[in-house]
Amino acid sequence: MKARLLLLAAVAAAAAGCGSSPPSAESVVRAWSQALNSDDNKGAADLFAPGAEVVQGSHVVTLHTHAQAVEWNSELPCSGRIVSIQSRGQTATATFELGNRTHSRCDGPGERATAIFRVVKGKIVLWHQTASLVPTGPTGSAA
């Protein structure tokens, strides 16, 4: 509960910043990652807009309600520590190092996963998993 309150306070503070502009895509992604890593599925879901789309391969899900967003976040088997993030306007691309969550064992601990986030008015409207952009192993060849 304390982590959720801190998360909500951070998002509110970002939203209340200069000229009441909405938080940046990067700050929303960081808040989502923090909530997910703290097993705060409700806090993570609070960052999704009604009607947000989630794309994983050919599977597309629309999160019409907050309850669906809570359920989707709770079903993610892995936590994700941000190892790289790039942001431009409403879009942020983040690469995560996967790990176990309190309630589940990750199916790929230590692996990297990348997602593209589109954020509008401080809410995630698109979460799209893509190929990892950060090398996961040696990049040179043995000669």
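S87 stands opposite A92 in β4. The model is a predicted one, in which local features need pLDDT of at least 70 and side-chain atom pairs count only at pLDDT 80 or more, while totals for chains, interfaces and linings use all residues. Residues are numbered from 1 along each chain as its sequence is written, and side-chain values rest on heavy atoms, with hydrogens and water left out.

β3 and β4 run antiparallel and are joined by 10 bridges (strands pair if DSSP finds at least two bridges between them). Together β3 and β4 make a hairpin with 2 residues between them, and G89 in the turn has a positive phi of about 60°. Elements here are DSSP runs numbered from the N terminus: helices are H or I with at least four residues, strands E with at least two.

On to the helix α2. It has 13 residues and spans 18 Å from its first C-alpha to its last, close to the 18 Å expected at 1.5 Å a residue (the expected span being 1.5 Å times one less than the number of residues). Its buried residues are A25, V28, V29, A31, W32, S33, A35 and L36; buried means under 20% relative accessible area, exposed over 50%, and partly exposed in between, with a 1.4 Å probe and protein chains only. Just past α2, D39 takes a positive phi of about 60°.

Aromatic rings come next. Rings of Phe, Tyr and Trp (its six-membered ring) pair if their centres lie within 6.5 Å, with planes under 30 degrees apart counted as stacked, over 60 as edge-to-face and the rest as tilted. The count by this rule is 7 aromatic pairs. In one of them, the rings of W32 and F96 have centres 5.9 Å apart and planes at 75°, so the pair is edge-to-face. This pair ties together distant parts of the chain, with W32 in helix α2 and F96 in strand β4, 64 residues apart. Both W32 and F96 are buried. Ring pairs also link W32, F48, W72, F96, F117 and W127 into a cluster.
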